[in-house]
Amino acid sequence: MESKTVTLVQESFEKVKPIAPAAAEIFYGKLFELDPSLRPLFPSGEEAMKTQGNKLMTMLAAAVAGLSNLEALVPVLQDLGKRHVAYKVEPSHYDTVGAALLGTLEAGLGDDFTPDVKEAWASVYGTMSSVMIEASY
Ligand code: HEM
């Protein structure tokens, strides 16, 4: 992965971190708007959604931090992908989640969500999801 991509993603993620709970809420709002059939895959209830949002943000934070050392990240993503099969996640869902993620970053970063930042995140999410999908289906 190009070092410019890694830097853009890591720097922009730093700006999202302080608003992580709000970002998680925006994310799930967008996700279920894009595909309401995904809702039953997740535990219901406000507390459960909060926990889930935290998990997503924590994992993204770890992934973003780990981008500089992709080799160590790959087995973690492979295991994560395999666990997602048990959550009834299908390969096509990854595109929907990617769209919700980019939409969330756009909402959270405002003017800082430049075309370069968008492209960098699309590339990173694409890499992460490919590793998860290829290990699992
Ligand atoms: C790069 C992509 C993704 C990342 C980093 C990610 C991250 C996570 C993490 C960290 C967990 C906590 C459980 C565990 O570690 O096994 C989780 C659970 C889950 N994820 Fe993902 N995920 C991704 C993609 C997706 C996609 C595409 C879907 C499809 C809708 C999805 C749906 C779920 C569901 C349903 C759970 C379990 C919820 C529960 O029962 O608590 N995830 N995800």
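Predicted model: local features only at pLDDT ≥ 70, side-chain atom pairs only at ≥ 80, totals over all residues.
I began with burial: buried residues make up 20% of the 137 residues in the protein chain. For this I call a residue buried if 20 or more other C-beta atoms, placed from the backbone, lie within 10 Å of its own, exposed if 12 or fewer, and partly exposed in between. Residues are numbered from 1 along each chain as its sequence is written.

**Entry: overall fold**

Helices (H or I, at least four residues) and strands (E, at least two) are DSSP runs, numbered from the N terminus.

Next I checked contacts, meaning pairs whose C-beta atoms, placed from the backbone, lie within 7 Å. Among contacts with a separation of 6 or more, 84% join residues 24 or more positions apart.

**Entry: around the ligand**

Which residues come nearest to the ligand? I found Met-59, Arg-83, Tyr-87, His-93 and Val-97, out of 21 residues around it. Helix 3 gives the most, with six residues.

I sorted the shell by class and got 15 nonpolar, four polar and two charged residues. For the classes, Ala, Val, Leu, Ile, Met, Phe, Trp, Tyr, Cys and Pro count as nonpolar, Asp, Glu, Lys and Arg as charged, and the others, Gly among them, as polar.

I turned to helix 1 (residues 3-16) and helix 6, which pack at an angle of about 100° with their axes 9 Å apart. Axes are lines fitted to C-alpha atoms, for helices over the stretch in contact, and angles run from 0 to 180 degrees between N-to-C directions. Helix 1 and helix 6 are therefore roughly perpendicular to each other, the word for angles of 65 to 115 degrees. On the helix 1 side I listed Thr-5, Leu-8, Val-9 and Ser-12, which meet Asp-116, Val-117, Ala-120, Trp-121, Ser-123 and Val-124 in helix 6. This contact has six nonpolar, three polar and one charged residues.

Helix 2 (residues 20-34) and helix 3 pack at about 105°, with their axes 9 Å apart. That angle makes helix 2 roughly perpendicular to helix 3. Ala-20, Pro-21, Ala-23, Ala-24, Glu-25, Phe-27 and Tyr-28 in helix 2 meet Met-49, Gly-53, Asn-54, Leu-56 and Met-57 in helix 3. By class I have nine nonpolar, two polar and one charged residues for this contact.

**Entry: single residues**

Is Glu-11 buried or partly exposed? Glu-11, in helix 1, is partly exposed because 13 other C-beta atoms lie within 10 Å. Its C-alpha atom is 9.4 Å from that of Val-117, 106 residues apart along the chain.

Val-131 sits in helix 6 and is partly exposed, with 19 other C-beta atoms within 10 Å. Leaving aside its neighbours within four places in sequence, I found Val-131 in contact with Val-74, Leu-77, Gln-78 and Gly-81. Val-131 and Leu-80 are 51 residues apart in sequence and 9.6 Å apart in space, C-alpha to C-alpha.

Glu-71 is in helix 4 and counts as exposed, with 7 C-beta neighbours inside 10 Å. From Glu-71 to His-93, 22 residues apart along the chain, the C-alpha atoms are separated by 25 Å.

I finished in the loop between helix 4 (70-86) and helix 5 (93-109), where Ser-92 is found. Ser-92 is exposed, with 9 other C-beta atoms within 10 Å. Lys-88 lies in the loop between helix 4 and helix 5 as well, and I noted its phi near 70°, a positive value in a residue other than glycine. Lys-88 counts as exposed because it has 10 C-beta neighbours inside 10 Å.

How values were computed. Contact = placed C-beta atoms within 7 Å. Near = placed C-beta within 6 Å. Parallel < 35°, antiparallel > 145°, perpendicular 65-115°, else oblique.
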